[in-house]
Amino acid sequence: MTLRTLFWLGPLVFLVHDLEEVFLARPWVERNRFLIAGTPFEPIVDAMGYEPVKFGLVVALATIVYGVISYFAARACQPGLRMNLFVATVLTLFVNAITHVGQALLLRMYTPGVVTAVLVVLPYTLVAFRTLRAHRLLTATTWKTSPLLGIGMLAALFGLMIAL
């Protein structure tokens with residue numbers, strides 16, 4: 001995979017994956033409320049609501065931000081803050097996919113996002129890390145800062161979802 005393809009495929013992979021969640025999360029939560037009731041996740045799910053229009057707005061904004069990060073990473077194409085931000089997005093996608101697989105295995109049922117996590121996100125992220133490593137764009141600093149940047153991105157995304 002070329003670097004150019006890698007950078008521009010990221011936001012598309014994110015969008016495809018999150019559209020599965022946008023359209024299927026709320027009906028799934030409504031059907032499976034009993035699984036969440038009384039757990040520490042109940043207030044989080046209630047706060048987020050998973051209304052498709054609001055959730056879709058968050059996904060649209062996050063896709064735009066991912067696109068901007070990809071644009072600047074593609075322009076720099078060298079180690080540094082731009083690449084660290086891009087790696088943070090790929091790392092966040094990877095962790096999110098693993099989370100979806102874990103949820104589905106734990107509950108022994110379909111959970112929103114697991115199909116695209118397995119068929120789209122995991123293959124993309126694994127190829128992305130291999131490609132970035134082959135082009136020497138993954139440095140020690142990248143591995144130190146990208147997880148922190150990813151956590152910050154997730155906190156902002158969940159904050160935006162709760163605010164809406």
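Which residues of the largest nonpolar core touch the most other members? The legends below, drawn from a predicted model, begin with this core.

**View 1. The largest nonpolar core holds 34 residues.** Among its members, M83, F86, Y124 and L132 touch the most others. Helices α1, α4, α5 (81-107) and α6 (114-134) each contribute at least two residues to the core. The greatest contribution comes from α1, which provides nine residues. In soluble globular proteins, nonpolar side chains tend to be buried together.

**View 2. Contacts surround M83.** Leaving aside residues up to four places away in sequence, M83 touches F7, A73, C77, Q78, L132 and L137.

**View 3. Helix α1 (residues 3-31) packs with helix α4 (residues 52-76).** The angle between the two helices is about 170°, and their axes lie 9 Å apart. Because angles over 145 degrees count as roughly antiparallel, α1 and α4 are described as roughly antiparallel to each other. On the α1 side, the contact includes F7, W8, F14 and R26; on the α4 side, the residues include P52, F55, Y66 and A74. The residues of this contact comprise 15 nonpolar, five polar and three charged.

**View 4. C77 lies in the loop between α4 and α5.** Its phi is near 50°, a positive value in a residue other than glycine. C77 has 34% relative accessibility and therefore counts as partly exposed.

**View 5. R108 lies in the loop between α5 and α6.** The phi of R108 is near 55°, again a positive value in a residue other than glycine. With a relative accessible area of 77%, R108 is exposed.

Key: Residues are numbered from 1 along each chain as its sequence is written. This is a predicted model: local features need pLDDT of at least 70, side-chain atom pairs count only at pLDDT 80 or more; totals for chains, interfaces and linings use all residues. Side-chain values use heavy atoms; hydrogens and water are left out. Axes are lines fitted to C-alpha atoms, for helices over the stretch in contact, and angles run from 0 to 180 degrees between N-to-C directions. Helices (H or I, at least four residues) and strands (E, at least two) are DSSP runs, numbered from the N terminus. Angles under 35 degrees count as roughly parallel, over 145 as roughly antiparallel, 65 to 115 as roughly perpendicular and the rest as oblique. Contact means heavy atoms within 4.5 Å. Ala, Val, Leu, Ile, Met, Phe, Trp, Tyr, Cys and Pro count as nonpolar, Asp, Glu, Lys and Arg as charged, and the others, Gly among them, as polar. A nonpolar core is a set of buried Ala, Val, Leu, Ile, Met, Phe, Trp, Tyr and Cys residues joined through side-chain atoms within 4.5 Å. Buried means under 20% relative accessible area, exposed over 50%, partly exposed in between (1.4 Å probe, protein chains only).
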